[in-house]
Amino acid sequence: DIEYLPFRPRAFDLVISLTVLQNCLRPLKTLKSLIRALTSKGTLVLSYLKRSRNMLFLEVMFRDLVLKNLDPTDNVLILNKGELGGLKRRIKAECYGFTH
């Protein structure tokens with residue numbers, strides 16, 4: 001269950017998720033789970049299908065960090081946990097209020 005990964009917090013330096021998030025019932029909860037698995041300087045590489053309407057929140061939340069023209073079908077988001085700052089609080093706050 002990707003929303004409750006069976007790993008201890010801060011277990012990985014790199015987490016890669018390819019076209020998974022758009023299939024999750026609660027994508028923000030999933031994103032929070034992926035970020036929780038990263039070490040303090042870890043990196044998350046996340047791709048999602050461009051045509052996924054429920055992924056528009058990523059483009060709003062992370063604006064310039066979403067790479068849109070790398071692939072014809074997917075968009076990519078690369079996050080460095082050390083640079084997230086206030087976004088971690090924002091993700092936590094929006095996690096339970098987001099619907100798609």
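Mentor: Glu83 sits in the loop between strand S4 (74–80) and helix H3 (87–94). The model is predicted. Glu83 has a relative accessible area of 67%. That is over 50%, so Glu83 counts as exposed. Thr43 and Glu83 are 40 residues apart in sequence. From C-alpha to C-alpha, the two are 9.7 Å apart.

Thr30 belongs to helix H1 (residues 27–36). Its relative accessibility is 0%. The limit for buried is under 20%, so Thr30 is buried. What is Thr30 in contact with, leaving aside its neighbours within four places in sequence? The list is Ile2, Glu3, Leu21 and Cys24.

Next, Leu18. Leu18 lies in strand S1, which covers residues 12–18. Its relative accessible area is 54%, and Leu18 is exposed.

Last, the aromatics. The count is one aromatic pair. Phe7 and Phe12 form the pair, with ring centres 5.0 Å apart. Their planes stand at 85°, so the pair is edge-to-face. The cut-off for that label is over 60 degrees. Phe7 is partly exposed, at 46% relative accessible area. Phe12 is partly exposed too, at 31%.

Conventions
Residues are numbered from 1 along each chain as its sequence is written. This is a predicted model: local features need pLDDT of at least 70, side-chain atom pairs count only at pLDDT 80 or more; totals for chains, interfaces and linings use all residues. Side-chain values use heavy atoms; hydrogens and water are left out. Helices (H or I, at least four residues) and strands (E, at least two) are DSSP runs, numbered from the N terminus. Buried means under 20% relative accessible area, exposed over 50%, partly exposed in between (1.4 Å probe, protein chains only). Contact means heavy atoms within 4.5 Å. Rings of Phe, Tyr and Trp (its six-membered ring) pair if their centres lie within 6.5 Å; planes under 30 degrees apart count as stacked, over 60 as edge-to-face and the rest as tilted.
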